[in-house]
Amino acid sequence: MTHSRRSSFVNFVQGLDLCEPQDVTPPGQNEFPIPELPVLNGLRCSFGTCSYLCLTEKRMKSHWSLAKHSCVMQKQSWFSVPVQTFFRGNLLKYFSGLVQPPETELAKCSTAELSTCFLTGAYNIDERLLQHYCTLTSTMITSDSSDTTFWQQTVPQLAHEHDFLMSAILALTSLHLAHLNTDRQREFAIHASSYQDRAMPIFRKVVAAPTSENCNAIVVFHHLLVLYSFAAEQQDDDDLFLISRDDNEVAPRWLHFIRSACVILQDVRHWVEVGPCQTLLLSWEAPLKINKIVKKSIMETLLTLIPPKSSPRFWRQNIVNIYNEASSQLALAFACSTDQFTIWDALRLWPVTISVDFMNLLREEHPCALVLVAHYTVLLQRIDNEWYFRGRANRLLKTIHRKLDPYWYPYIPPVLALDGA
Ligand SMILES: [Zn+2]
């Protein structure tokens with residue numbers, strides 16, 4: 001601001017009876033958070049009564065060496081807390097509402113220990129879920145470790161400003177806990193769906209008219225929705241990719257969500273590409289190296305599946321055209337190599353590229369669509385180690401086996417005998 005524009009504000013502030021910045025005391029625990037201030041993802045030192053707060057692990061480590069805590073205790077320790085600050089720069093001083101780690105040192109617990117202390121902790125459920133999200137769930141969203149900071153820090157910050165995003169985080173975290181605690185699966189699944197039910201109506205409203213303020217939260221929400229719909233899949237095979245007959249939906253839910261995520265992302269990309277969610281754009285648009293030889297050989301294999309005109313199984317020309325297009329995309333997907341194959345790669349390489357005509361053939365359970373999906377499950381195997389996707393690829397393949405005439409079996413990948421489910 002220019003000096004002349006600034007002066008009217010300065011005059012206004014000088015007329016107020018305010019404390020000197022250095023004399024401002026942090027608000028009490030019960031006053032946290034101050035609604036007008038952003039909530040940041042912070043760390044609190046857990047050494048004795050030291051209540052040092054900061055935002056990064058690096059700073060915390062240097063605090064430990066400066067405060068000489070290490071001389072007394074062997075292991076450095078701290079835990080995540082939400083923090084706020086009134087001032088930046090020299091007067092920066094964080095404060096928080098959380099003074100103790102939930103039960104034990106949450107950040108250092110093993111998965112099993114963590115779940116136990118989560119379950120027995122005396123803290124508010126939302127707070128505990130968010131803690132679990134920050135410590136564990138956020139680090140297990142993609143296998144691409146460069147995205148971890150985004151999911152662990154940026155996303156919770158955004159969620160503090162957008163209730164529907166916060167509910168989505170808590171919903172996914174509840175499903176994660178259901179996955180970790182098989183004996184209390186049902187209980188967590190119920191939590192999850194109540195959070196999701198809370199989020200959806202607000203989300204539908206905001207997504208109808210995205211603004212520069214909420215577009216980032218919308219884009220993140222869409223991504224969480226896809227993971228949620230994977231993780232929430234019941235053991236019902238028909239639900240994964242194929243469309244259950246009773247359902248009027250043209251596409252399975254996650255496919256619908258991921259396709260609309262792409263549309264929204266394009267609509268708001270001018271805002272998103274300059275905001276905190278750039279990294280999501282990158283995960284969709286990271287350049288791919290295409291191995292032309294692989295593409296050609298896979299394409300040739302897929303083309304040999306087309307029954308000859310003389311065969312009683314022959315396909316009409318329009319179906320052959322749709323098949324050719326989708327199989328060319330699939331061959332391309334197989335021929336792409338990325339440094340780290342993520343869930344977003346698995347989705348962007350094929351499901352979002354296939355045509356509406358192909359989706360219709362899939363709904364009719366036409367063999368041309370089923371055999372391509374069967375081949376696609378080979379790509380999906382690469383993300384089978386993600387907790388929300390485990391066992392899904394083979395289950396999908398089994399469903400296809402059931403639906404296809406045995407004539408096609410030699411043309412599709414074999415079902416793995418060992419099925420995690
Ligand atoms: Zn300390």
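In this predicted model, glutamate 300 forms a salt bridge with lysine 296, and the closest N and O atoms of the pair are 3.4 Å apart. Both residues belong to helix H13 (residues 292-303), where, being 4 residues apart, they are separated by about one helical turn. Glutamate 300 is partly exposed, with a relative accessible area of 43%, whereas lysine 296 is exposed, with a relative accessible area of 55%. Side chains of opposite charge can pair when their charged atoms come close.

The count of salt bridges comes to 6, and another of them joins glutamate 57 to lysine 61, with 3.8 Å between the closest N and O atoms. In helix H15 (residues 343-348), arginine 348 and aspartate 345 are 3 residues apart, about one turn of the helix, and they form a salt bridge whose closest N and O atoms are 2.9 Å apart. Arginine 348 and aspartate 345 are both buried.

We can turn next to how two helices meet. The axes of helix H14 (residues 317-335) and helix H16 (residues 356-363) come within 10 Å and cross at roughly 110°, and the two helices are therefore roughly perpendicular to each other. Ile319, Ile322 and Ala326 of H14 meet Asp357, Phe358 and Leu361 of H16, a contact made up of 5 nonpolar residues, no polar ones and 1 charged.

Across the whole protein, the secondary structure comprises 18 helices and 6 strands, and 47% of the 421 residues count as buried.

Note on methods. Residues are numbered from 1 along each chain as its sequence is written. This is a predicted model: local features need pLDDT of at least 70, side-chain atom pairs count only at pLDDT 80 or more; totals for chains, interfaces and linings use all residues. Side-chain values use heavy atoms; hydrogens and water are left out. Buried means under 20% relative accessible area, exposed over 50%, partly exposed in between (1.4 Å probe, protein chains only). Axes are lines fitted to C-alpha atoms, for helices over the stretch in contact, and angles run from 0 to 180 degrees between N-to-C directions. Angles under 35 degrees count as roughly parallel, over 145 as roughly antiparallel, 65 to 115 as roughly perpendicular and the rest as oblique. Contact means heavy atoms within 4.5 Å. Ala, Val, Leu, Ile, Met, Phe, Trp, Tyr, Cys and Pro count as nonpolar, Asp, Glu, Lys and Arg as charged, and the others, Gly among them, as polar. A salt bridge is a side-chain nitrogen of Lys or Arg within 4 Å of a carboxyl oxygen of Asp or Glu.
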